[in-house]
Amino acid sequence: MSDMIIETINLTKQYGEQKSVNNLNLQVRQGRIYGLLGRNGAGKTTTMKLLLNLTNPTSGEIRIFGKNIKKDAKKILPRIGSMIEAPGFYPNLTGTENLKIFSLLRGTPTRDAIQNSLETVGLPYGDKKLFTQYSLGMKQRLAIALAIMHDPELLILDEPVNGLDPIGIAEMRSFIRELSSIKKKTILISSHILSEISLLADDIGIIHHGVLLEQESLVNLEEKNEKYLHFIISDPFQAARILEKNFNTKNFIVEQGNSLRIYEDHLPAALLNRTFVENGLEVSEARTCENSLEDYFRRITGGEGIG
Ligand SMILES: Nc1ncnc2c1ncn2[C@@H]1O[C@H](COP(=O)(O)OP(=O)(O)OP(=O)(O)O)[C@@H](O)[C@H]1O
Ligand SMILES: [Mg+2]
């Protein structure tokens, strides 16, 4: 049997002219933490809403647990726990009371379930504090407790660390990891912060303008594009033209400060250097650098900084 928990086939969601999700082929395997990484407006929330059958795709298909979401939503959805938008908790009830109400609504009201889920996220059971008095971190925890209360196999969490302070983020990370390692959940989590995702995820999907640019295990991704040649050069634009013409590559970026990064580590630096100089350029620096994952992400999502 396939270990694919989520699989989308050419999934597309179009709003007016814009394809917010564009031919997405997402593959989330059993027991993994899959990080969907993308900048604001990349299509993360839309993707998750599609997976949860909260909105209809324009085209394409979604399979979860090997079943088609359109045909088997009633069987699939109870096996998923999600946090997409802030759940509508009652401000003047305690966290425990809120969970009790939701569990009654869902028809799964067991004290153990509520207690266990609160314990997992580090909130006290039966505490008197009202939801309105909760800090943001506590609110986020309660939302996760709600998502896991019915012991789902799959969790879909949209930016669960958004707005949390560094300690809150670290705590959230540790119990998400626990849900994966101890409780064996498959987890799809989104973020716009690469450093967060790379500390947590086993697999990473990079989404940009609705397109999945990359889908890899973190290990493979970290090995990718490790090295680049960094030149400081009198006219990087002229150098860029030379690279295209003489070396038949566009795999470089020109940056401020006469800087040029070339992501072709098979090209000998000495040869490039000589060619630039022969074409009248002045090279003041040439060295091989390690590429961080951050650089890679920045490069494939269009240059500007993120997170
Ligand atoms: N209901 C809608 N109607 C029209 N456009 C929409 C709708 N929902 C989302 N969009 C557009 O789809 C694109 C993707 O939005 P989405 O919310 O999925 O991005 P995101 O990756 O979750 O961003 P963020 O990091 O800001 O949460 C955006 O351009 C957004 O404006
Ligand atoms: Mg979003």
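Colleague: Which residues are around ligand 1?

Modeller: This is a predicted model, in which local features need pLDDT of at least 70, side-chain atom pairs count only at pLDDT 80 or more, and totals for chains, interfaces and linings use all residues. Residues are numbered from 1 along each chain as its sequence is written, chains are lettered from A and ligands numbered from 1 in the order in which they are written, and side-chain values use heavy atoms, with hydrogens and water left out. Around ligand 1 are Tyr-15, Gln-18, Ser-20, Arg-39, Asn-40, Gly-41, Ala-42, Gly-43, Lys-44, Thr-45, Thr-46 and Glu-159. A residue is near a molecule if one of its heavy atoms lies within 4 Å of it.

Colleague: What makes the pair of Ser-20 and ligand 1 a polar contact?

Modeller: A polar contact is a pair of N or O atoms within 3.5 Å. A polar side-chain atom of Ser-20 is 2.6 Å from an oxygen atom of ligand 1, so the pair meets the definition. A polar backbone atom of Gly-41 lies 2.7 Å from an oxygen atom of ligand 1, and for a backbone N or O atom of Gly-43 the distance is 2.9 Å.

Colleague: How much of ligand 1 does the protein bury?

Modeller: The protein buries 60% of the 630 Å² that ligand 1 exposes when taken alone, with areas from the Shrake-Rupley method and a 1.4 Å probe.

Colleague: Which element gives the largest share of the shell?

Modeller: α1 does, with three residues. α1 spans 44-51 and is named from DSSP runs, where helices (H or I) need at least four residues and strands (E) at least two, numbered from the N terminus.

Technical notes:
A polar contact is a pair of N or O atoms within 3.5 Å; within protein, one must be able to donate a hydrogen and the other to accept it, and residues adjacent in sequence count only if both atoms are side-chain atoms.
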